[in-house]
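Please keep the sequence and the structure in view while reading.

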Amino acid sequence: MDDTRMTRHRLTIGLAVVALAIMSACSAPSDREGRPSSGLDFQIAFEERLRPDIIFVTGTARRDPSPGAAAGLWGVLRGLPRAEQAVVENLGTGAKATISLYSGNPGGGATLRLSPQAADLLGVLEDPVEISVTAIRQEPVLVQ
């Protein structure tokens with residue numbers, strides 16, 4: 001093909017693509033406010049779900065004794081491959097708290113070392129208490 005025919009061919013294809021785009025926009029369904037819609041009537045939401053298949057541990061928890069312990073709701077558990085969110089339950093009182101878990105040495109023979117703020121929510125004072133730790137994950141859910 002010579003240059004003139006090639007240019008005309010490209011121009012024809014370009015115009016066809018633009019025409020198809022305009023036609024498809026004209027026929028697209030819209031929602032109540034007139035915005036283009038995919039025609040699908042669902043949304044995706046995220047729910048917290050307990051995931052004992054990822055982490056479920058029972059044992060003792062103790063308050064972090066460091067005077068300058070970091071603020072926030074956190075705990076240290078041995079052997080985690082990565083940081084996790086978890087629900088910790090004081091098995092004696094039933095108190096629960098959602099905390100961030102980090103890998104490390106809880107020390108003092110405990111299974112879990114808690115931040116002062118998390119320990120307060122769970123009723124952990126000077127003596128260790130029996131706890132359970134269950135991972136939580138944000139999982140997608142279809143909402144209609």
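Q: What percentage of the 144 residues of the chain count as buried?
A: Of the 144 residues, 27% count as buried. The term buried means under 20% relative accessible area, exposed means over 50%, and partly exposed lies in between (1.4 Å probe, protein chains only). This is a predicted model, in which local features need pLDDT of at least 70 and side-chain atom pairs count only at pLDDT 80 or more, whereas totals for chains, interfaces and linings use all residues. Residues are numbered from 1 along each chain as its sequence is written, and side-chain values use heavy atoms, with hydrogens and water left out.

Q: Why is Asp53 called exposed?
A: Asp53 has a relative accessibility of 57%. The cut-off for exposed is over 50%, and Asp53 therefore counts as exposed.

Q: Why is Arg51 called partly exposed?
A: The relative accessibility of Arg51 is 23%.

Q: What makes the pair of Asp53 and Arg51 a salt bridge?
A: A salt bridge requires a side-chain nitrogen of Lys or Arg within 4 Å of a carboxyl oxygen of Asp or Glu. For Asp53 and Arg51 the N to O distance is 2.6 Å, and their side chains meet in a salt bridge.

Q: Which parts does the salt bridge of Arg51 and Glu139 tie together?
A: The closest N and O atoms of Arg51 and Glu139 are 2.6 Å apart. Arg51 lies in the loop between strand E1 (43-50) and strand E2 (56-63), and Glu139 lies in strand E7, so the pair ties together parts that are 88 residues apart in sequence. Strands (E, at least two residues) and helices (H or I, at least four) are DSSP runs, numbered from the N terminus.

Q: Is Glu84 buried or exposed?
A: Glu84 has a relative accessible area of 7%. The limit for buried is under 20%, and Glu84 is therefore buried. Its salt-bridge partner Arg82 has its closest N at 3.8 Å from the O of Glu84, while Arg82 is partly exposed at 47%.

Q: Which residues touch the most other members of the largest nonpolar core?
A: Among its 19 residues, these are Leu101, Leu112, Leu114 and Val133. A nonpolar core is a set of buried Ala, Val, Leu, Ile, Met, Phe, Trp, Tyr and Cys residues joined through side-chain atoms within 4.5 Å. Strand E7 (129-143) is one of the elements that give two or more residues to this core, and E7 gives the most, with 4 residues.
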